[in-house]
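Please work through each task before reading its solution.

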Amino acid sequence: MSNSSVARDGYLMGVDFGTESVRVAIFDTSGTPITFAATPYKTTHPRPGWAEQDPDEWLSCLEASSHKAIQTAGISPSEILGISYDATTSTVLALDENGAPLRPAMMWMDVRATEQAARSAHVDSVAKLYNGNGTAPASAEWFPFKAAWIKENEPEVYERAYRIVDATDWATRVLTGEWTVSINTAAQRMYYNRDEGGWPTDFYEHLGIGDIFDKIPTNIHDLGDSVGTLSARAATLMGLLPGIPVAQGSADAWAGQIGLGVVVPGKLALITGSSHVITGQSASPIHGAGFFGSYTDGVVRGQYTVEGGQVSTGSVMKWFKDNFARDLVQAADRAGLNAYDLLNKQSAHIAPGADGLIVNEYFQGNRTPYVDGKARGNIYGLSLHHGPEHMYRAIQEGICYGTAHNLRVMEAQGYEPQEIVACGGATRGRSFMQMHSNVTGVPITLTEVGDAVVLGACMMAAVGAGVYSSLEDAASNMVHVRETIEPEPSVHEEYQFYLDRYIELYPKVADSIHTIVDHEASK
């Protein structure tokens with residue numbers, strides 16, 4: 001255990017306001033999970049491209065999950081030392097003075113604000129703003145564009161709104177009664193940059209929302225800062241005691257980064273699932289085409305965060321399993337086995353490169369390095385020799401190539417991670433993780449707690465409650481390595497030929513793919 005802090009007896013609570021549910025987790029101060037509880041809620045899609053949720057439903061689900069977690073943990077509410085939280089980022093709420101929602105929350109996946117986002121391309125100073133995307137197209141998902149959409153399309157809501165905030169800052173208000181802004185959201189999705197003087201008011205004025213700063217809280221807190229204590233109202237809702245320290249939380253992906261212990265330069269977090277989120281820390285600011293960042297103080301004060309991502313990864317494997325391996329899935333179900341394990345076994349004999357078959361994974365577009373919503377998946381090199389096992393293997397390799405491609409564009413600007421720390425669904429397949437290491441040439445570390453997001457929330461709670469002095473201190477005490485997978489040098493070398501082909505192929509067909517996508521959209 002680190003000498004900088006001595007853990008106290010008691011427990012920490014992390015609340016995750018995710019896309020599908022409110023999860024409440026309780027950990028002890030050494031990072032051992034005690035219990036988890038989840039309560040789902042609904043997402044509605046009133047129009048194409050829209051996605052909304054009801055914040056009042058979030059509250060009822062928080063109530064259910066918190067009570068269940070305390071009950072199943074078998075502990076007294078008085079033993080909770082601290083609380084923190086995470087939420088989906090770029091989920092925007094318009095609230096009245098009491099914190100009540102004036103309209104449904106616009107979810108992170110909501111892209112109705114495309115027209116507002118397009119305006120950012122015409123701001124000469126946008127490259128200086130470095131919400132990270134100074135060299136890439138702006139995303140309609142992000143806060144300023146959704147706020148501008150509300151002003152233009154629902155002016156009465158905009159006028160009545162006392163606060164327009166991200167979901168993380170809504171959670172702060174719910175738990176403490178305080179109005180604050182998380183530096184994580186501000187730096188990474190709201191164009192705030194301490195190195196450049198804070199808010200880029202000229203940019204917001206160009207979007208037509210120069211008055212938004214009357215509706216954004218003025219207090220900006222670093223992750224793990226104390227933002228107050230649990231209010232009597234929140235304590236009653238959650239079945240806890242008022243006065244528990246509450247720490248500044250973050251967006252969910254970066255809570256996952258913290259829960260993996262990626263809080264110092266030289267490490268990279270790989271958060272896997274239906275997509276891959278790739279984030280890491282740098283000691284100095286770096287920028288370049290093909291990735292987002294760096295974000296000033298976005299996770300740890302005095303450091304800079306870089307970000308990349310793959311839209312479709314595990315989802316492409318699932319697509320193949322569900323559509324082209326149904327007999328195998330049925331056989332696995334009858335035998336009580338995992339279908340992916342059988343697919344891995346059937347394809348294990350295939351040499352790197354899948355006998356000349358390359359699949360890129362852009363089935364739902366490309367987040368980075370192209371930031372291309374019209375990108376689509378491609379299959380190259382098919383022959384009559386190839387069977388289903390080759391296709392499955394090539395999909396896995398394509399996912400790894402996409403990760404390696406993201407690393408290459410970061411490395412070109414001087415960011416060279418010495419270690420990847422991974423969590424999520426892909427880590428359940430060790431051979432798949434070995435493939436990631438072999439393709440990238442970087443060791444991959446797996447930690448004891450696979451649910452890094454709620455662990456990260458509990459680590460922020462530990463800092464806010466004074467259990468540990470900093471996120472780095474919390475990481476050294478609460479994040480524990482299970483295994484490190486080293487790249488196999490000869491296999492890594494063999495993969496570089498295929499990685500080069502993967503990287504060079506998509507730009508050659510991108511214009512044709514865009515034409516096809518536009519044609520289909522016009523029908």
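Is Ala354 buried or exposed, and what is its relative accessible area?

**Solution.** The model is predicted, so local features need pLDDT of at least 70 and side-chain atom pairs pLDDT 80 or more, while totals for chains, interfaces and linings use all residues. Residues are numbered from 1 along each chain as its sequence is written, and side-chain values use heavy atoms, without hydrogens and water. Buried means under 20% relative accessible area, exposed over 50% and partly exposed in between, with a 1.4 Å probe and protein chains only. Ala354 has a relative accessible area of 0% and is therefore buried.

**Exercise 1.** Examine the backbone of Ala354 and Tyr191 for phi.

**Solution.** Most residues other than glycine have a negative phi, and most peptide bonds are trans. Ala354, although not a glycine, has a positive phi of about 50°; it is found in the loop between α13 and β18. Helices (H or I, at least four residues) and strands (E, at least two) are DSSP runs numbered from the N terminus. Phi of Tyr191 is positive too, near 70°. Tyr191 is placed in the loop between α7 (183-189) and α8 (201-206), and its relative accessibility of 1% means that it counts as buried.

**Exercise 2.** Locate the cis peptide bonds from Gly293 to Ser294 and from Thr368 to Pro369.

**Solution.** The bond from Gly293 to Ser294 has omega near 0°, and Ser294 is in strand β16 (residues 292-296). For the bond from Thr368 to Pro369, omega is near 10°; Pro369 lies in the loop between β18 (358-360) and β19 (378-380).

**Exercise 3.** Which residues of helix α13 are buried, and why do they line one face?

**Solution.** In α13 (residues 339-347), the buried residues are Ala339, Leu343, Asn344 and Ser347. Viewed down the helix axis, they fall within an arc of 140° (taken from the directions from the axis to the C-beta atoms), so they line one face. They pack against α11 (314-324), α12 (326-335), α14 (388-411) and α15 (430-440), where contact means heavy atoms within 4.5 Å.

**Exercise 4.** In which helix is Asn477 placed, and is the residue buried or exposed?

**Solution.** Asn477 belongs to helix α17 (residues 471-478). Its relative accessibility is 3%, so Asn477 counts as buried. A polar atom of the Asn477 side chain lies 2.8 Å from the backbone oxygen of Asp473.

Technical notes:
A polar contact is a pair of N or O atoms within 3.5 Å; within protein, one must be able to donate a hydrogen and the other to accept it, and residues adjacent in sequence count only if both atoms are side-chain atoms.
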